[in-house]
Amino acid sequence: MPSSATVKLNSGYEMPLVGFGLWKVTNDTCADTVYNAIKAGYRLFDGACDYGNEVESGQGVARAIKDGLVKRSDLFLVSKLWNSFHDGPRVGPVCKKQLQDWGIDYFDLYIMHFPIALKYVDPSVKYPPGFTDENGKVTPSNASIQETWTAMEDLVEKGMCRSIGVSNFGGQLLMDLLRYAKVRPATLQIEHHPYLMQEGMVKYAQDEGIAVTAYSSFGPQSFLELDMQQAKDAPLLLEHPAVKKIAEKHGKTPAQVLLRWATQRGVAVIPKSNNEGRLKQNLDVLEWDLKEEDIKEISGIDRALRFNDPVN
C-alpha cells in the first residue's frame with residue numbers, strides 16, 4: 001500500500017516523509033543543489049548551523065521562489081541548534097542568526113542537534129563552531145537539557161519555529177525530556193539504517209506520537225569520505241547481497257530499497273544526491289511496497305553498528 005507523502009506531527013503540521021539532507025553539501029555547489037532539488041520535487045530540506053552552508057541553502061530557496069517554482073509555504077525547512085549555543089540566553093539569538101542566514105522568517109522545524117552542551121563561542125570568533133572552542137579544546141557548558149529545551153519552547157511561542165525536535169537522543173534522555181516538556185518534541189532524528197535499526201527507540205518514539213527521521217540511510221556510505229575506519233571495515237549496504245537481490249526483484253535500485261525499508265515503516269528519510277537521476281529515484285520511495293519478508297530480511301542485517309558518535 002503506497003505511503004502518504006507526509007506525516008502529521010504532534011504540533012499539527014505536515015512533514016514530508018522524504019526530504020533532502022544538506023550535510024556535507026559544499027558551499028560552492030549548495031545554492032544550485034538546493035535549487036535543482038526543488039525543481040526535482042523536494043520540499044523538505046534538512047540543514048544545520050554545523051553544516052556551514054545555511055547562507056547558500058537560503059540562496060537556493062530564494063532563487064526557486066523568485067523563479068516561481070515554489071512558495072515559501074510549499075517548503076518545510078529544518079535547521080538545528082548547535083552544542084555551543086545550549087545556554088538558555090544563547091538559543092534565541094543564534095536561531096535569529098540562522099533565520100537571517102536562510103533569509104526566512106521561521107523554521108518549520110528546529111532541532112537540538114546533540115544532547116551535548118559546550119562552551120559558548122561567539123559567532124564572530126568562529127562559525128560554525130564545531131566541537132572545539134576558540135582554543136581548540138572541547139569545553140563543556142553547565143546548561144542542562146531542560147534549560148535548552150525551555151529556551152527552544154520560547155522560539156515556538158515567538159513564531160520563530162513552528163515545531164521543535166531532538167536528534168541523537170537515546171531512550172532514557174527522551175523519557176526524561178517528556179517529563180517536563182511543555183511543547184513535546186515533534187520529531188526525533190537518529191542514525192537509522194539496517195546496520196543500526198534502534199528498533200526499540202523507533203517504537204518508543206512513534207508510540208509517544210513523535211515522528212522519527214532517519215539520517216545516514218545508506219550506513220557506512222556517508223562516513224567513508226570522513227576516513228572513518230569503522231565505515232571502511234563495514235561492507236557497503238548498497239552492495240549487500242540481500243539488498244541487491246531485493247532491488248532486482250522489485251526493479252528498483254539498492255538505494256531505493258534502503259529508503260523504502262524506512263518509509264514503509266513510517267520513518268522519514270533525508271538522502272542527498274547531486275545526480276539528477278538519483279534525485280528523482282530517491283523521491284520514488286512511497287508508491288510501491290516491499291514484501292514483509294523483504295523487510296524482515298533487510299532488518300536481519302542489524303549489527304548495532306553506529307558511525308556517528310562524538311567519541312569516535
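1. On a 1 Å grid over the protein atoms alone, a cavity is a set of points where a 1.4 Å probe fits but cannot get out, and lining residues have an atom within 4 Å of a point. This is a predicted model, in which local features need pLDDT of at least 70 and side-chain atom pairs count only at pLDDT 80 or more, while totals for chains, interfaces and linings use all residues. Residues are numbered from 1 along each chain as its sequence is written, and side-chain values use heavy atoms, with hydrogens and water left out.

2. Two cavities of 30 Å³ or more are present. A volume is the space filled by probe spheres set on the points, which are joined across faces, edges and corners.

3. The largest cavity holds about 60 Å³ of space. Its lining comprises 14 residues, with M15, L44, D46, T213 and I270 nearest the centre. Strand 2 (14-16), strand 4 (44-46), strand 6 (107-112) and strand 10 (268-269) each give two or more residues to this lining; strands (E, at least two residues) and helices (H or I, at least four) are DSSP runs numbered from the N terminus.

4. Among the residues lining the second largest cavity are S84, K119, F131, D133 and K137.

5. R72 lies in the loop between helix 2 (54-66) and strand 5 (76-81). R72 is buried, at 17% relative accessible area (buried: under 20%, 1.4 Å probe, protein chains only). Leaving aside residues up to four places away in sequence, R72 touches I65, L77, I104, Y106, F107 and D108 (contact: heavy atoms within 4.5 Å).

How values were computed: 1 Å grid on protein atoms, 1.4 Å probe; cavity = no way out; pocket = protein on both sides within 12 Å on 5 of 7 lines; lining within 4 Å. Buried < 20%, exposed > 50% of the residue type's maximum accessible area, 1.4 Å probe, protein only.
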